[in-house]
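The sequence and the structure are shown first.

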Amino acid sequence: MTVSSTPSFIPESLIPSRLVSFTSFNNNTEQFHSAVRAQLSQDIDVLFAYANLPSPLLDACRYVMTGQGKLVRPLLVASAFDSVNHTNINDNTNDADKNPDNKNSMANADGLEALLENDSDYDMARRAALAVELLHTYSLVHDDLPCMDDDDLRRGQPTAHIVFEESTALLAGDVLQTLAFEVLTAELPTFAPFDSAIASQLFAIFAPRARRMVSGQMLDLNAEASANISQGDLEAIHRDKTGALIEAAMLMGGICAGATAPQRMALQECAQHIGLAFQVQDDILDVTTSTDTLGKPAGSDEKLDKSTYVKLMGVEDATSYAQSLFNDGRAAIIRELSHHKPSSSELGNDANNDALLALIEWLWARKK
């Protein structure tokens, strides 16, 4: 059921990726990602116009939300949405072949376009993408504060508390956190009305994982300078600190596309592997990549005496571990969402047909 008084008309210029599946980009991952980023940028502007924040709070929020981040979590939302949606369209195509008179089938291109123009499924995914990026950015602003990691560089630019007063940076993080939840049901003028049933499911996924992210940060601080931390301890920290929001992003994207119970299980399993792999990669990049490439201070883990996978395993073994985690993540998606089912020897070669698999390959190859 849809509830909102927001007009359902959405200007064409504001929906560049609304009707375009990943596969219609000629398998060009970067083009798909660019479309997602462009949509997110427009949606951030719409949200801040709606929020009507005072200065310098608005200035600080714009500053941190428009930096040169990777935007991994919004990309995960969009890719999960696209992969589930495309899989289910293919499944419905088989049904439509049996009943060609079914005009409401999403297999029909015109029918799919009409469905997407007249319901809020994709707009709920846009809201989810905004939500996860708002929450992630809030966590970065607070992590960089003097009372936490005390960093002066983030995403290639001075951190918020360096450019603005520390109190403004603190409040910017606070308001981004609250907006992350508000955006799921806010009456935004260029969005279709929110779907209350989907919104309820998104809140149920998002809220506990937001809490877990903060708990993971506390566990990470507790582990600093610890000489006896085990791999199990590290994984417990990062399943919450890094993995929880990655899990939320993938599940929220899938829910907006109508993921089945088995598909949700596959998304969650994949996210758990990718969340850990992402953190292992970050630990490796911290000691193998320059500050200029990273966009944040290299070697900061060692400076803060943090417990890392590199410290525990060494670079070579940590790299092998990250690779195994990425492989496990791929396998979960291939099992339930990939449109071609390769043998075990072909794992990783199906990225051309699936947005999530392509994103996993992109993440594996990242240098920052």
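A residue is called buried when its relative accessible area is under 20%, exposed when it is over 50%, and partly exposed in between. By this criterion L71, at 15% relative accessibility, counts as buried. The model discussed here is predicted.

**Overall architecture**

The chain contains 16 helices and two strands. Of its 368 residues, 53% count as buried. The accessible surface comes to about 15600 Å², and carbon and sulfur atoms account for 51% of that area. When contacts between residues at least 6 apart in sequence are considered, 76% of them join residues at least 24 apart.

**Core and helix α5**

In soluble globular proteins, nonpolar side chains tend to be buried together. In this chain the largest nonpolar core has 99 residues, and F206, M252 and L267 have the most contacts inside it. The largest share of this core, 12 residues, is supplied by α5. Leaving aside residues up to four places away in sequence, M252 touches A128, V132, L184, L202, I205 and F206.

Helix α5 covers residues 121-143, 23 residues in total, and spans 33 Å from its first C-alpha to its last, close to the 33 Å expected at 1.5 Å a residue. Because 22 of its 23 residues are buried, α5 is largely enclosed by the rest of the structure.

Seven of the nine residues of α2 are buried, and the helix is mostly covered. The buried residues are L57, L58, A60, C61, Y63, V64 and M65. Their cover includes α1 (29-51), α5, β2 (157-158), α6 and α7.

The loop between α1 and α2 holds P56, which is joined to S55 by a cis peptide bond with omega of about 5°.

**Aromatic and charge–ring contacts**

Five aromatic pairs are found in a search of the whole structure. One of them involves Y63 and F164, whose ring centres lie 5.8 Å apart with planes at 75°, so the pair is edge-to-face. This pair links distant parts of the chain, with Y63 in helix α2 and F164 in the loop between α6 (160-163) and α7 (166-182), 101 residues apart. Y63 counts as buried at 19% relative accessibility, and F164 is buried at 18%.

Another pair is formed by F326 and W364; their ring centres are 5.3 Å apart and their planes stand at 65°, so this pair is also edge-to-face. F326 belongs to helix α15 (residues 315-336) and W364 to helix α16 (residues 355-364), 38 residues apart. At 0% relative accessibility F326 is buried, whereas W364 is partly exposed at 27%.

Two arginine residues lie over phenylalanine rings, as listed below.

| Arginine | Ring | Distance from ring centre |
|---|---|---|
| R126 | F191 | 4.0 Å |
| R366 | F278 | 3.9 Å |

**Backbone features in loops**

Which residues other than glycine have a positive phi? L71 has a phi of about 60° and is found in the loop between α2 and α3 (72-98). D150 has a phi near 55° and lies in the loop between α5 and β1 (153-154). L71 is buried, whereas D150 is partly exposed, with a relative accessible area of 43%.

How values were computed. Residues numbered from 1 in each chain as written. Predicted model: local features only at pLDDT ≥ 70, side-chain atom pairs only at ≥ 80, totals over all residues. Heavy atoms only, no water. Helix = DSSP H or I, 4+ residues; strand = E, 2+ residues; numbered from the N terminus. Buried < 20%, exposed > 50% of the residue type's maximum accessible area, 1.4 Å probe, protein only. Contact = heavy atoms within 4.5 Å. Areas by Shrake-Rupley, 256 points an atom, 1.4 Å probe, with all protein chains shown as cover. Phe/Tyr/Trp six-rings, centres within 6.5 Å; stacked < 30°, edge-to-face > 60°. Lys NZ or Arg CZ within 6 Å of the ring centre and 35° of its normal. Expected span 1.5 Å × (residues − 1). Core = buried A, V, L, I, M, F, W, Y, C linked by side-chain atoms within 4.5 Å.
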